[in-house]
Structure formats: structure tokens, C-alpha cells
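Subject: Structure for you to look at

Hello,

I am passing on the structure we talked about. Please have a look at it first; my notes follow below.

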Amino acid sequence: SRVGGQRAVVRVRPNDKDAKMKYQECNKIVKQKAFERAIASDETKKSVVDSLDIESMTIEDDYAGPKLEDGKVTVSFMTDMMEWFKEQKKLHRKCAYQTDKLTICGDTHGQYYDLLNIFKLNGLPSDANPYLFNGDFVDRGSFSLEVILTLFGFKLLYPDNFHLLRGNHETDNMNQMYGFEGEVKAKYTAQMFQLFSEVFQWLPLAQCINTKVLVMHGGLFSEDGVTLDDIRKIDRNRQPPDSGPMCDLLWSDPQPQNGRSVSKRGVSCQFGPDVTESFLEKNKLDYIIRSHEVKAEGYEVTHSGKCITVFSAPNYCDQMGNKGAYIHLRGSDLKPEFHQFTAVPHPNVKPMAYANTLMQLGMM
């Protein structure tokens, strides 16, 4: 080999600097090639993004170049960066590596102190820390008003980076039974509940992320062939009907077996892996994220990874003992990362404290 030949030359002429340099250069190339081969044969083929720890990267005091503002690219950052590059200077690696992540949360159901815990664990919402809350903000938990006012406040503060989707509990008949109407009337007025009812009707029913992932509260449809355009055309400014695409988006659930079956909830349907596969194929999507069901681990992956459930109300109704979870989506492939958390204490107001009397009896 070439290195062997160079090594022999070095041995014969130990003082020949040129020979020594060539040997070292050769050796470096051989080692680099071996390293590249080792990487190529790594079967896990992990994305580089997975190995980055951007949070812990510090920007040194003597770095005078452009910096991202709260992790975000701004017009002034771009202007500064172009000038910096023009002077043949290097951007700090933290700015070069920085990637946005989106946090998706499932049902919060009036569990205000657990919502605060999500923000404590994952950071407050901001333009640099976007969130999507996937419906069922109110009912059951007795701090629904605090939850919804906090979420609406962040929506007003960061309209482009804080997203709220409608759940089956952002509806009048659910609010009458499961506590939200009673809570608003007890803390404020009946008129304020009417205002919430109107606002809930304007909440989007689904959100498509980077043309890869569709997020909705419930799930897929009672019939085949529904497209993203069909979803866009739904007249959402109303109370949901008892059947059809709007009802399904808010109410349906996945099932392990193929096909569809009658829902145990008495409304919409249960849909199998074949239904998910066919919907994703037709709409050129990778997978769906939905909520709507309490899960022991806070999340569940079904339908060969194509249907993900996330639920963010830990120890649901103070009695289920489940974990809560939220999902991070980042990078070009939007591979989901799951983060679990447990319930935190709350003031001594029981769940369903404001619910319809019949529903309260059911909770005893």
C-alpha cells in the first residue's frame, strides 16, 4: 500500500522532512476513510440532529458576530450575517445548528396546575418555542377557565406560533354536562359562557404540518376518500353535527383490527390500520397525531407508527394514575420525540365540581 511504501521511505531517510510529511498525510487519509466506512455501516443511520445538544452550547463573550434573537432568525440577524460573511468571518456554531421544534400537547381538561408544569418543563410559549394544543382544554378538571384564558392569551401574544385545535369538549352539549358552563357561570356570568361558545366554533378542526403530519383531536373518517381539501371546506362555525367529517375529526378513535366498527362512545366510528394507511397514501402524508383518549403512558403509537395518540392530563380526573405526555417534532423528517410527566398537586377543588348534578353522581 501507499502508506507502507511511505513508511519504508521514512525508515530509510528519517531526516527527510518531505517524506515524513507525506507519510503523515497518507496515514491521515487512510484513517479518515476507515472512519467514513465505519459510519456508513452504522445500521441505525441516526440523523445528525439527534446527536446535537444545542441548549448546552454557550456563545463565548468574545464572539462579536450576529446572534439569533430568542432562537429566531430575524431581518436584522440576516443583514448582520450577510455582512459578517462578507468580511469572511464565521457564524457561531450555535446559530448555525439551531433548529425550531414544535411541541404538541393533547387533552388538558381543566388541569391548570399540570398545564403550568408543562410550561415549566418545556419552556413558556414564544415565537422560538411554538406549541400546538390538540383540543379538550376544558371540562372535567375544575380549573378550565384558567386553562382556556391562559391558552387564549398565548394565542393573542404569538398568533403565528401558538396553535389551538377544537376538541369534542369545545362544544355546548359537552360543556353543559361536564362542568365548563357551570364553572364560567359560577366564576363570571352566563353571557361569558355564550362568548366562549362562539369562540370555540371558530377553532380549527385540524392542522397539517410541513405537508407530512396531520393533527386532529379525534381521528379519521367514517367513509373513504376524504381529502385535505374536503377538510378545508368544512363549515366549522357551528356546533358539530352527529355524523360526517366534522363529527369524525372530533370524535373517532383508532382500533387494532382492519376496517371500521361502531364507536363505544355512541358517536362517529373506530377506524383500523388499513383506513389510516389509505388516507395517508391518498393525501401524501406520513402519519397522524390525535388525542381524545387517556393513555397510561401519556401517549401510544399504533397502526405501524402511522397513528399516534398524545394525552396531556396526568392522573386524569384525579383518579386514573396515568402519565401525561407531549411530543416534539423537529428536523426535516418530523420524527416524533415523546416526553412524559406526572401530575402535580392542585388546590382542593375536586374534578367535576361544576358539572351537571347527574354527572357528579356518576363520578362518586
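A polar contact is a pair of N or O atoms within 3.5 Å; within protein, one of the two must be able to donate a hydrogen and the other to accept it. That term is needed for N283, whose side chain reaches the backbone oxygen of V226 at 3.2 Å. Please keep in mind that this is a predicted model.

**The chain as a whole**

The secondary structure comes to 13 helices and 13 strands. Of the 364 residues of the chain, 44% count as buried. Among contacts between residues at least 6 apart in sequence, 67% join residues at least 24 apart.

**N283**

N283 lies in the loop between α12 (273-282) and β9 (287-290). N283 counts as buried because its relative accessibility is 11%, and the cut-off for buried is under 20%. Leaving out residues up to four places away in sequence, N283 touches V226, T227 and L228.

Where does Q111 sit? Q111 is found in the loop between β1 (101-105) and α5 (112-122). With 10% relative accessibility, Q111 counts as buried. The side chain of Q111 is joined to that of D114 by a polar contact of 2.9 Å. D114 is itself one of the buried residues of α5. Neighbours within four places in sequence aside, Q111 is in contact with V147, A313, P314, N315, Y316 and C317.

In α5, the buried residues are Y112, D114, L115, N117, I118, F119 and N122. They pack against β1, β2 (131-134), α6 (144-157), β12 and β13 (335-341). After α5 comes G123, which has a positive phi near 90°.

C317, one of the contacts of Q111, lies in the loop between β11 (307-310) and β12 (324-330). C317 is buried as well, with a relative accessible area of 8%.

Most residues other than glycine have a negative phi. Two residues to check against that are C317 and S268. Phi of C317 is positive, near 55°. S268, which is not a glycine either, has a positive phi of about 65°. S268 is found in the loop between β7 (260-262) and β8 (269-271).

**α8 and α9**

Two packed helices are described by the angle between their axes and the distance between the axes. How do α8 and α9 pack, and at what angle? Helix α8 (residues 180-187) and helix α9 (residues 190-200) pack at an angle of about 135°, with their axes 7 Å apart. Angles over 145 degrees would count as roughly antiparallel, and 65 to 115 as roughly perpendicular; α8 and α9 are therefore oblique to each other. The crossing in which α8 passes α9 is right-handed.

On the α8 side, the residues in contact are F180, E181, V184 and K185, and they meet A190, M192, F193, F196 and F200 in α9. By class, this contact has 7 nonpolar, no polar and 2 charged residues.

The sections can be read in any order.

Regards

Terms used
Residues are numbered from 1 along each chain as its sequence is written. This is a predicted model: local features need pLDDT of at least 70, side-chain atom pairs count only at pLDDT 80 or more; totals for chains, interfaces and linings use all residues. Side-chain values use heavy atoms; hydrogens and water are left out. Axes are lines fitted to C-alpha atoms, for helices over the stretch in contact, and angles run from 0 to 180 degrees between N-to-C directions. Helices (H or I, at least four residues) and strands (E, at least two) are DSSP runs, numbered from the N terminus. Angles under 35 degrees count as roughly parallel, over 145 as roughly antiparallel, 65 to 115 as roughly perpendicular and the rest as oblique. A crossing is left-handed if the near helix is turned anticlockwise from the far one by less than a right angle, and right-handed if clockwise. Contact means heavy atoms within 4.5 Å. Ala, Val, Leu, Ile, Met, Phe, Trp, Tyr, Cys and Pro count as nonpolar, Asp, Glu, Lys and Arg as charged, and the others, Gly among them, as polar. Buried means under 20% relative accessible area, exposed over 50%, partly exposed in between (1.4 Å probe, protein chains only).
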